[in-house]
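Hi everyone, thanks for coming.

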Amino acid sequence: MKFSYFPGCTLKTKAKELDSAARGAAEVLGVEIEELDEWQCCGAVYPLARDEIATRLSAARALIDAKRKGQDLLTLCSACHHVIKRVNDDMKTDADMRGKVNNYVQPEAPYEGETRVVHYLEMLRDNVGFGEIKKLVTNPLKDRKIGAYYGCMLLRPSSVMSFDNPENPRIIEDFISAIGAEPVIYPYRNECCGGYLALEDRGISKDMSSRVMRSAAKAGADSIITACPLCLYNLNENGTGELPVRYFTELLAEALGVKSEGGLARAC
Amino acid sequence: MFVCWCGSNIAATVDVEAVTEAVRTEPGVVVATNSQYMCSEGWQSSIRNAVAEHKLTGIVVCACSPRMHEPTFRKAAAAAGMNPYMVEIANIREQCSWIHKDKPEATEKAIILARAAVAKLNLDKPLTAGESPVTKRALVIGGGIAGIQTALDIADAGYEVDIVEKSPTIGGKMAMLDKTFPTLDCSACILTPKMVDAAAAEKISLYTYSEVESVKGFVGNFTVEIRKHARSVNSELCTGCGVCMEKCPSKKTKSEFNQGLSNRSAIYIPFAQAIPNVPVIDREACIKFQTGKCGVCEKVCTAKAVDYEQQDEIVTKQYGAIVAATGFNPIKLDNFDEFAYSQSPDVITSLEFERLCNAAGPTKGHVVRPSDHEEPKTIVFVQCVGSRSTVDCGKTYCSKICCMYTAKHAMLLREKYPGTEVYVFYIDVRTPGKSFDEFYRRAVEEYNVHYVKGMVGKVAPEDGHLRVQASDLIADKQIIIDADLVVLAPAIEPDPSARALGTMLTASMDTNDFFTEAHPKLRPVESPTAGIFLSGVCQGPKDIPDTVAQAGAAASKVIGLLSKDKLIGNPCVAECNEPLCNGCSACELVCPYGAITYEEKPVFDHGVRETRRVASVNEALCQGCGACTVTCPSGAMDLKGFTNLQIMAEVDAICR
Amino acid sequence: MPVHVDEKKWAADITLSSGANVKKCMKCGKCSGACPNYAEMDIHPHKFVSMINDCDVSALLASKSIWKCLSCFACVERCPRDVKPANIIEAVRTRVLAPQGQNRLTPEGLPKFIKDLGEDAEKIPQQLLASAFRKYSR
């Protein structure tokens with residue numbers, strides 16, 4: 001199993017543990033990860049306006065690179081996944097957009113959305129299989145009650161993201177079960193953390209992140225996991241502080257017994 | 001040649017005078033005239049006179065669609081002694097004047113259509129319709145209120161009728177309801193007498209726990225195989241004492257009748273007034289069937305009615321008419337988890353609510369939260385869950401019944417539990433129907449139900465409550481309610497069995513799997529397939545009064561059919577030119593009515609007499625669709641009244 | 001804020017850019033019911049749809065809601081008619097930012113926010129800065 005990999009900016013700086021744990025775990029799982037050469041920032045938000053072309057180009061370049069290698073494109077950060085997956089959908093379904101992007105990028109052959117964009121969680125579910133992961137776990141995270149926090153980017157809009165049931169997802173819960181812990185379902189796991197408003201309007205992020213964290217705590221979770229650096233930041237900095245928040249890959253690495261620098265040393 | 005103005009419908013866009021003049025010189029045309037309304041009685045008689053006076057052998061009428069007045073002109077021709085199939089209609093209204101703006105263009109097209117009709121008429125041959133006998137027995141598929149009413153009405157007219165119902169009892173959805181709007185009569189009180197009547201009626205036979213396996217034949221002469229599923233209880237011997245159910249040790253199966261709100265035993269009768277009052281064994285749940293060890297019901301049955309060896313039985317019967325009354329189900333709510341239906345037992349559907357209200361229901365009529373059996377203080381109703389939706393998980397149509405039953409539920413709650421706060425979130429309140437709007441207004445004005453315009457955006461089960469988040473569109477403010485119970489009004493959809501049945505009956509369906517009526521306004525209870533009739537929600541969403549009315553209408557159509565001794569067929573059917581047939585079976589495969597079979601026949605071809613495998617058309621089954629004629633590679637298949645030669649002659653006339 | 005706006009043209013531009021079909025809206029208000037940031041908005045998601053339909057654009061351009069929408073797509077996901085209110089709000093926002101110098105966030109303005117955060121500022125992920133810039137500037 002070999003994937004092209006798009007880590008994204010945050011994973012190279014503030015969210016190194018999300019990335020390094022993912023790489024460490026992938027080795028144990030027999031998944032080969034090949035980071036794209038010279039990838040550029042995905043833009044962090046998907047350009048909703050149909051007349052924005054330039055902001056789609058870096059995602060398009062990553063997709064074209066993966067196509068060149070004949071590999072599926074693996075993503076990890078929720079925002080990168082969202083942007084790249086939706087741009088890919090534009091390339092598949094919007095002829096006008098496709099023409100313009102190809103005009104800019106000038107690939108050898110016109111790109112028509114051939115690359116499959118796979119989030120790390122989808123890879124775990126569909127390529128490795130949660131059953132297989134269960135077998136490979138050496139350090140099951142027993143007695144841990146973990147609330148999955150999905151946020152927005154992975155799930156919505158489901159017509160494009162096709163990630164899971166957008167209102168009652170289970171992929172992270174299944175993941176939690178696979179690593180030996182107990183998933184805790186709570187109603188705000190797919191509601192927004194406050195996102196980018198954290199910068200200008202911190203009060204809003206505080207309200208929303210606190211609601212999410214309180215909701216998880218009331219449902220009996222002792223920690224929260226997420227795939228998104230911005231969600232993690234908001235929950236940690238703007239939440240109620242009652243629950244620790246970790247990246248899902250950190251727990252995966254822990255369960256698989258992967259030793260790695262930085263992140264894993266942190267107490268949960 | 002008779003050219004109609006249709007008032008200004010045709011004459012405003014088509015120069016009818018020019019059309020009349022243009023066709024006057026066409027080969028074979030003897031008379032050409034025009035008038036304001038050809039369909040008027042005066043002109044019908046003028047046509048009859050013209051036939052007699054000029055000894056006409058055929059006529060062309062340039063007028064509206066043949067769907068409208070072809071029968072009128074055929075009757076006029078027949079009255080004048082002409083073969084009615086020597087009438088051709090050139091449709092210069094729907095296919096010409098109504099869709100064109102430019103008069104010269106439309107006139108040119110009308111002339112071309114008229115010429116094509118003349119060319120076809122010149123090749124017309126007199127046709128005679130065949131006759132077929134009528135089996136004087138009807139089949140009703142579905143034993144809900146629609147099927148029961150249809151069967152009662154047919155039986156009342158003196159005809160035999162069978163009801164096939166797939167569940168163990170008749171009664172359908174109506175049996176589950178508590179009260180009925182807008183009069184609030186008890187649903188069971190008005191339904192069960194009809195169930196008893198149906199069971200007692202000499203002319204009605206009930207096949208419960210049974211399904212239609214196959215349908216062959218045609219109007220007046222259907223042959224139907226009915227699969228009687230093994231009840232594992234002998235209906236002849238069973239006294240309905242109920243001891244078996246009491247003693248059955250397997251009691252953990254969700255009750256279908258109570259919408260999963262209570263459990264039932266493996267051997268069960270769905271509800272107290274079920275008809276027949278004979279239990280069935282649910283073999284999936286039965287310990288005897290699953291492990292071989294049990295047999296308690298057999299031991300306790302003093303009537304010796306329990307029969308583990310019973311097998312499915314296939315019954316074959318003949319019918320003259322078939323009525324589809326397959327009903328509906330609320331849609332599954334898996335894709336509406338923003339309302340937390342699968343996350344909280346206290347989010348329920350309206351049909352579950354009916355069971356909670358019902359004195360015979362799982363809580364004996366006490367409305368309590370399924371989670372903790374506490375009485376809810378704040379109840380939220382959400383309307384249009386999946387109705388009027390153009391996204392994948394929804395239905396594009398209005399389900400029609402929800403506004404009224406929600407008003408009913410809200411009112412019943414406030415009546416029975418005056419201390420409750422009841423909210424109804426709606427998009428539009430739709431109450432067309434006698435005393436319907438008054439009923440809804442009573443909920444608002446007398447019962448103080450809070451109606452809020454705005455769809456609920458999220459239901460979050462938290463702290464033992466359901467946090468309902470919505471926006472009041474009229475006040476333009478957000479509403480957050482900590483509710484104790486949320487009741488969703490799911491869209492309704494046709495029962496899943498309808499799709500397969502539609503295929504068996506060759507009855508057309510719309511994209512939502514509702515059966516299509518022959519004409520949406522003028523033939524609402526007939527399928528376009530002859531001999532198939534529609535009753536109840538299988539044709540489209542409707543409430544009980546509408547269903548009963550339609551059930552009666554379907555019955556009267558069936559009675560009209562069964563009262564005939566013979567049926568006149570459609571002579572425009574396929575025929576096989578046997579010397580040309582190469583025996584390839586292409587036509588047999590493409591025929592949607594199973595009208596074509598192959599036979600070994602002596603054929604005299606170019607001086608050689610030999611036995612060949614050739615196609616043979618059952619004229620009673622053939623509906624004249626023409627699929628075989630265009631499929632046939634050798635040109636052997638032809639459609640009477642629409643022969644290949646005639647079609648080519650029309651094309652030639654158009655291209656001239 | 002622009003003073004003279006050809007409302008019809010702007011409404012058409014915004015509709016085109018959003019890729020949304022406001023005519024499909026049946027005014028059920030589920031978008032506003034779903035919106036997690038409803039309380040902060042002066043004009044609510046459902047009204048963006050109806051006001052674009054009515055070519056009532058000036059008020060939308062001046063609305064603070066365009067800076068409050070999180071692009072969380074709850075409205076898009078739950079809309080029973082596939083109208084995409086978030087896309088419309090975004091299209092209005094980009095129309096406000098389009099003229100030169102309309103940026104809400106500039107690199108020069110950034111230190112203020114960072115200062116407010118004190119020493120926690122170093123935890124800010126790149127994703128936050130990039131997305132805030134993308135939402136607030138051209």
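So, how many helices and how many strands does chain C have? Chain C has eight helices and zero strands, where helices (H or I, at least four residues) and strands (E, at least two) are DSSP runs, numbered from the N terminus. Read from the N terminus on, chain C goes α-α-α-α-α-α-α-α.

Before going further, some ground rules. This is a predicted model, so local features need pLDDT of at least 70 and side-chain atom pairs count only at pLDDT 80 or more, while totals for chains, interfaces and linings use all residues. Residues are numbered from 1 along each chain as its sequence is written, and chains are lettered from A and ligands numbered from 1 in the order in which they are written.

How about confidence? pLDDT is the predictor's confidence in each residue, from 0 to 100. Chain C has a mean pLDDT of 90, with 96% of its residues at 70 or more. For the model, ipTM is 0.93 and pTM is 0.90.

Now the shape of chain C. Its C-alpha trace spans about 50 × 35 × 20 Å along the principal axes. Of the 138 residues in chain C, 53% are buried, meaning 20 or more other C-beta atoms, placed from the backbone, lie within 10 Å of a residue's own.

Next, where chain A meets chain C. Chain A gives 35 residues to the contact and chain C gives 31, with two residues in contact if their C-beta atoms, placed from the backbone, lie within 7 Å. On the chain A side, the elements giving two or more residues are α9 (197-200), α10 (202-218) and α11 (229-238) of chain A. That side divides into 22 nonpolar, six polar and seven charged residues.

Last stop, the sheet in chain A. Four strands form an open, parallel sheet in the order β2-β1-β3-β4 (chain A), where strands pair if DSSP finds at least two bridges between them. At the edges sit β2 (32-35) and β4 (117-119) of chain A, each pairing on one side only.

That's it from me, thanks!

Definitions and conventions: Buried ≥ 20, exposed ≤ 12 C-beta atoms within 10 Å, placed from the backbone. Nonpolar A, V, L, I, M, F, W, Y, C, P; charged D, E, K, R; others polar.
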